Amino acid sequence: MKKIKTKKNFFIFFWLFNFLSIFLLLPAFAQEEKMPIVVNGDKVEFMNEEKKIIASGHVVIEYKDTKLVADKVVVYSQTKDIIAEGNVRLDYEKGTLKGERVVYNFQDKTGSIIGANIKAEPFFGKSPISKKISERELIMRRGYITTCDLPKPHWRIAAKQTQIFPEDRIVAKDASFFIGNWPILTLPQFVQVLNDRRPRVTVVPGKDKDWGYYLLTAWRYYFNEGAKGRLHLDYREKKDFAHGIDLSYKPKDMGEGLLRTYYMHERAIQSKNIWAEDRNTLERERFRIQWKHKWQINDKTGLLWQYNKVKDSEFLKDYFFREHEIDKTPNTYAQLTQAHDLFSLNMLLEKRVNRFMSTVEKLPQAKLETTNFRIGSSKFYFKSDNDLSNLINQTAGQTTYDDITNRFDTFNKITYPTKVAFVYVSPYVGMRNTYYSKSQNENSIWREAFYSGADLSTRFFRVFDVKGKFLGIDINRLRHVINPTITYAYIHKPSVSSSDLFNFDKIDSISKENSLNLALENKFQTKQKLEASGKASQENVDLITHILSTDYYLRDSGTGGHFADILNSVLELRPKKGFRIDIDTDYNRRRDAVITNNTDFYFDREDKFSLGVGHRYQKDQNNQFNFDVFYRINPKWKARVYERFDFTGGGLKEQQYILTRDLHCWLMEFTYRVDRDRGESVWLKFTIKAFPEVGFEFNNSYHEPKAGSQSY
């Protein structure tokens, strides 16, 4: 009975404790729900029976994160509805509303505004009547939006209805674009994602020697974050119409991808204008298809594929020149990768889809590579790289091939990192074994090659107690660090010569090696103040770094050892923020001459002035000088000049002069460019400051020389 009573008392205490807890917490919840609306004004009347407050004269109302200012306000304290009139301003977390008359509910943050002026960064808007549907949605009727904050904006988008979702997007229906009072474009619907500053519509008119007059347009569509892209519709006077579609997609839990297409039935007229054409016009199909997809299946597995189909080798150069400069022959492949703690597995399929390209097909290739892991409790480390491939060498233009083989390559390496006195030493031995199902003599073959070597390095430093300024550079103690390194590499003569094998990649071209790489790094460091989060701290700064390196070939077949012909020098100067000098030089000791030299000098004074000077030198081939200077003339004007000069002949290769004018919400950019190979061009570009990619560009090219011409 005693136990039952004790148990009963426990439950009574438990429920009593919970009841008291709820009772004590209820006032806090009630206080939250019944938080009062604070009303201040020159005259405030309380009408208790009607549960309302009437205030006039410099009225200010605050409730939670919302503030309202007006000449006259009626507040219904129970429902938290207000009616405000006269110079009304409503500030809330996502923006600001102004109007002559506002009906608003502080509780659910909804209402209507007569004569509304709206600010929702980076947009401003005006409308005869607007409605705040919720905290995250505002509807404007028969109004406009713009990024210009002037009473008469330089540009605007007028629409029958505009939905504003702060920090998300703006949707305008029956939208018309105006510059000043001039309508330039009408769309049934316009969507601008606020966290995406790229344009919805891009229009680029111009004139080009090869294209004639042209008009390039891109229309961005947006269904959701998982499906968006661009529609291209272009016209070139001497080439005819072209069209394409770009789709950026993101299926749920399946990665993301990009599909791009572009097609034209090209009609290349030979005369100056299309109406003067009296010769046979060359007609042909030209197109490109590009598909890229990336999928991180899980934390260890990733899938990546890329498909590039182009009709001919000149298509990208003719119509997508920037892409052509980056990658002239984009390949097609699919790659599956698995990364584990001790190893990684890579599966690759690479196939030629453009006959004009030379490609080594891998159908397939499997690689298994281990990390450099420790063997038990010993000080030895082991690494293994394994490659199994079906390789086909496809030559441009050919449909048949003879260079085909199945290859298995394995390279195993054991390393013993240690320290001898003050020197870090990492000796290693390795063995490469490679099997080919077919070689130059049509037979299968095994090849072996023995590897060995060692990495040696050490470090010396000395600190000089120097403080003060030198040439404007803050110095707080100076540290000199010397880091010499020696890398020894030895490859025994392979059992099969590379001339007996098909040459697919560097695995097939290995040969005997016995060499040292010698490098000496000198570095001068100091400590400088770093301001972060209002606190000053000291950090190490590399003022000067210089690396000198060369190779030494050891005795081979009875001949004495000798240094390599090339001595490389890399110098980096970073004396202060916004100032740097980089010099990379290759010196040929036999010819007693500099073979290559790249020098870059850069100085920047935080958007006021910058200067960049570059020199590119390659003996008997290239000797060019680049000069790039930017200067802000005043808050409204800035200028930039770029020059490229060739000392080997031909003189000035390229000139570019850019003048930019700040037009409050727009930037006007005028560019004049002279290119020795392509002639002269003039651009006039207008860009919206809030959306740097949104602009209108006018381009004219003239005096363009014929192929091979060396004169303007």
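This talk covers a hairpin, the nonpolar cores and some salt bridges in a predicted model.

I'll start with the hairpin. Strand β2, residues 43–47, and strand β3, residues 52–63, run antiparallel and are joined by five bridges. Lys43 sits opposite Ser56 in β3. Four residues lie between the two strands, and Lys51 has a positive phi near 50° in this hairpin.

Next, the cores. The largest nonpolar core has 43 residues, and Ile61, Leu68 and Val73 have the most contacts inside it. Setting aside neighbours within four places in sequence, Ile61 is in contact with residues including Ile37, Val39, Leu68, Val73 and Phe106. There is also a second, separate core of eleven residues, with Tyr262, Val310, Tyr319 and Phe320 among them.

Now the charged pairs. The structure holds 30 salt bridges. One of them joins the side chains of Arg260 and Glu323, at 2.9 Å from N to O. Arg260 is in strand β17 and Glu323 is in helix α3, so this pair ties together parts that are 63 residues apart in sequence. Arg260 is buried, at 18% relative accessible area, while Glu323 is partly exposed, at 23%.

Glu350 and Lys362 form another salt bridge, with their closest N and O atoms 3.6 Å apart. Glu350 belongs to strand β21 and Lys362 to strand β22, twelve residues apart. Are these two residues buried or exposed? Glu350 counts as buried at 11% relative accessibility, and Lys362 is buried at 14%.

Last, a network of salt bridges links Glu266, Arg284, Arg286, Asp312 and Asp318.

Technical notes. Residues numbered from 1 in each chain as written. Predicted model: local features only at pLDDT ≥ 70, side-chain atom pairs only at ≥ 80, totals over all residues. Heavy atoms only, no water. Pairing = 2+ DSSP bridges. Core = buried A, V, L, I, M, F, W, Y, C linked by side-chain atoms within 4.5 Å. Buried < 20%, exposed > 50% of the residue type's maximum accessible area, 1.4 Å probe, protein only. Contact = heavy atoms within 4.5 Å. Salt bridge = Lys/Arg side-chain N within 4 Å of Asp/Glu carboxyl O.
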